[in-house]
Amino acid sequence: ACNTLEKASSILSSRRPLRLQNFVSGNFHTPSASSSSPDIGYIDSYEPKTGKLLARVPCTQPDGVETAIRAAQDAFPAWSKTPRSERSRYLRRVSELLQEHRELFAVWESIDQGKTLARARVEVDRAIANFAYFSTYILHEQTAARTVDGVALTYEHRSPAGVFALISPWNMPLYLLTWKIAPCLAFGCTAVAKPSEVTSISAFLLAALFQKAGLPSGVINIIFGDGPTTGAALVASALVNGVSFTGGTQTGIAIRRSTASHIYKHMSLELGGKNPTLVFADAMAEDKRERTVSLAATAAFENQGEICLCGSRIYVEKAVYSDFVLEFTEHVRKTWVVEVNVGAVVSRQHYDKIRGYLKLADQEGVKFNLGGVPPELSDHDDASGYWIIPTVLTEAPSDSALVREEIFGPVVTISPFEDENDAVRLANDSDYGLAAIVVTADGGRMRRVSERLETGLVWVNSWLVRELGTPFGGVKNSGVGREGGEYSRDVFTVVKTVHLPS
Ligand code: NAD
């Protein structure tokens with residue numbers, strides 16, 4: 001484990017491509033290639049800020065996936081019976097080790113994902129908190145018990161649900177993967193985790209921490225690969241008792257299909273979003289406008305807009321609409337463009353996708369208040385990274401793909417609304433329902449609007465505040481299932497009612 005971490009540090013300075021290995025049964029293995037070519041099983045991963053080759057990620061074939069699942073299955077009986085206090089100590093140790101290596105993780109995460117170093121540090125801190133939180137949660141957990149007619153006793157008994165497939169996307173790689181691994185192990189399950197093939201490095205380093213923390217062999221296995229080969233084989237295996245997945249809606253649908261005949265599988269699907277930010281006129285009063293504009297901009301452009309919770313559709317009350325557009329555009333130019341608070345977008349493929357939307361904006365005659373259609377990139381070698389200027393669009397028709405589809409980049413649309421009802425109608429006019437942001441000074445409206453919004457989360461005059469016990473998840477095409485505190489317990493445990501007569 002020390003070796004892996006030291007190697008990662010030295011490669012960081014030498015800038016050679018990092019060759020990742022699977023972590024199965026407590027050891028690092030190079031998965032076997034499926035043909036005579038030794039390279040056939042590798043995916044090239046590029047550094048977003050430079051377009052240079054950064055890592056070679058093994059694409060684990062179905063037999064390798066099966067080996068990892070068997071390792072988790074073999075480890076399950078002992079781990080599920082390990083006393084909570086002991087499981088808690090392992091998780092606490094992982095959290096401490098992550099704290100010790102915070103900067104190494106942050107630097108690699110920033111290089112691998114394209115995010116700024118400041119943003120990467122925030123996410124590593126959140127990953128540390130994930131392990132710390134669940135390490136103590138299981139020590140203080142409560143179970144419901146009731147009496148029947150004041151005599152017989154009925155209580156809830158929970159047991160770990162088994163082997164889990166934990167699959168995460170590329171936007172907040174370490175943070176989202178640990179948000180799954182920490183509760184999974186805390187509640188006594190074992191796992192095979194697969195990070196995104198686009199950003200696999202922090203998961204590789206995390207495996208080294210698990211080894212260093214001395215976690216029993218097979219409790220957590222981390223394998224690498226793409227969705228169609230590795231991810232699909234992992235979720236479809238009959239030996240997997242549950243899937244916790246964060247990623248795109250289309251992938252969520254594919255996973256639901258491929259697991260439909262396994263009724264027993266616990267499913268938690270955290271999917272895409274197209275989140276509205278509603279700005280009411282009272283939030284643009286003289287003493288509030290700066291804060292309002294800054295909040296809406298942060299919600300739109302943090303992590304280059306590559307956060308599922310970003311407010312990418314801003315709706316503003318008509319009376320203050322033109323003032324807001326002017327001030328917002330100026331603020332974004334100063335704070336997000338000149339001060340360079342955005343990083344590069346994650347990959348060439350994603351750059352091309354965002355560019356496609358901006359070409360569409362141009363064709364549709366949508367107004368660019370800031371930004372434009374980014375240049376077409378040549379091949380990887382002469383590209384100088386995947387940079388897109390924060391882009392502020394107005395006058396997009398409400399049926400445009402720009403307003404309806406998840407762009408997942410530094411692009412925001414701003415449109416006017418008439419009144420409270422119109423604001424709610426526009427916000428809810430979406431196939432997605434992950435999060436919403438309401439900016440207003442009116443206390444009654446805060447509740448009225450929040451309760452009418454069809455989303456899993458609402459932030460009033462705030463954004464991205466997290467309390468790890470609160471339920472996290474979406475409605476509509478943004479997913480099913482909730483995670484966080486006791487909601488994660490529902491994902492990772494099976495509950496049984498035990499009835500004892502008097
Ligand atoms: P993606 O769906 O393409 O990939 C996510 C993960 O699933 C990757 O590890 C990928 O390899 C794997 N995968 C792909 N096909 C698979 C299959 N058939 N079976 C099993 N696994 C498969 O998503 P992405 O492009 O990596 O991430 C961006 C998406 O994630 C956006 O839509 C974003 O909104 C969403 N997201 C949601 C949340 C949330 O909490 N709701 C958080 C972050 C990101």
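View 1. The shell around the ligand splits into 13 nonpolar, 11 polar and five charged residues (Ala, Val, Leu, Ile, Met, Phe, Trp, Tyr, Cys and Pro count as nonpolar, Asp, Glu, Lys and Arg as charged, the others, Gly among them, as polar). There are 29 residues around the ligand, and Glu197, Thr251, Leu271, Cys308 and Glu406 come nearest (near means a heavy atom within 4 Å). The model being a prediction, local features need pLDDT of at least 70 and side-chain atom pairs pLDDT 80 or more, while totals for chains, interfaces and linings use all residues. Residues are numbered from 1 along each chain as its sequence is written, and side-chain values use heavy atoms, with hydrogens and water left out.

View 2. Look for a side-chain N or O of Thr251 at 2.6 Å from a ligand oxygen. For Glu197 that distance is 2.7 Å, and for Trp170 it's 2.9 Å. On its own the ligand exposes 850 Å², and the protein buries 87% of that (Shrake-Rupley areas, 1.4 Å probe). Two or more shell residues come from each of α8 (227-236), β11 (242-246) and α9 (249-259), with α8 giving the largest share, three residues (DSSP runs numbered from the N terminus: helices are H or I, at least four residues; strands are E, at least two).

**View 3. The largest cavity.** This one holds about 100 Å³ of space. Its lining has 14 residues, with Gly305, Cys310, Ser312, Glu406 and Phe408 closest to its centre. That lining divides into seven nonpolar, five polar and two charged residues. A cavity here is a set of points, on a 1 Å grid over the protein atoms alone, where a 1.4 Å probe fits but cannot get out; lining residues have an atom within 4 Å of a point. Points are joined across faces, edges and corners, and the volume is the space filled by probe spheres set on them.

How values were computed: Polar contact = N/O pair within 3.5 Å; in protein donor to acceptor, adjacent residues only side chain to side chain. 1 Å grid on protein atoms, 1.4 Å probe; cavity = no way out; pocket = protein on both sides within 12 Å on 5 of 7 lines; lining within 4 Å.
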